[in-house]
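Please consider the model shown below. Some questions on its local features follow.

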Amino acid sequence: MHEVYGIDLSEPLLLRQRSWRWFRIRLWGLLSAESRISRHFQPPEPKGPRTPRR
């Protein structure tokens, strides 16, 4: 959250003041942005065709 939104989740009372909807929207945003969490959950890129060795 801090990397994209600048939100420090370890700040006391922050999540108690926010709704689950607020958290869920930001989490979905992280998954659609270029972030560490989106890279973690992306499927691996398909490998190219193998070429025979000579």
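This is a predicted model: local features need pLDDT of at least 70, side-chain atom pairs count only at pLDDT 80 or more; totals for chains, interfaces and linings use all residues.

Residues are numbered from 1 along each chain as its sequence is written, and side-chain values use heavy atoms, with hydrogens and water left out.

Me: Is Ser38 buried or exposed?
Reply: Ser38 belongs to helix 4 (residues 36-41); helices are DSSP runs (H or I) of at least four residues, numbered from the N terminus. Buried means under 20% relative accessible area, exposed over 50%, and partly exposed in between (1.4 Å probe, protein chains only). Because its relative accessible area is 5%, Ser38 is buried.

Me: Which backbone oxygen does the side chain of Ser38 reach?
Reply: Leaving aside residues up to four places away in sequence, Ser38 touches Leu30, Leu31 and Ala33, where contact means heavy atoms within 4.5 Å. At 2.9 Å, its side chain reaches the backbone oxygen of Ser35.

Me: What is the relative accessible area of Leu13?
Reply: Leu13 is found in the loop between helix 1 (2-5) and helix 2 (14-17). Although not a glycine, Leu13 has a positive phi of about 70 degrees. Leu13 counts as partly exposed because its relative accessible area is 49%.

Me: Why does Trp28 count as exposed?
Reply: Trp28 is placed in helix 3 (residues 20-32). Trp28 counts as exposed because its relative accessibility is 58%.

Definitions and conventions: Helices (H or I, at least four residues) and strands (E, at least two) are DSSP runs, numbered from the N terminus. A polar contact is a pair of N or O atoms within 3.5 Å; within protein, one must be able to donate a hydrogen and the other to accept it, and residues adjacent in sequence count only if both atoms are side-chain atoms.
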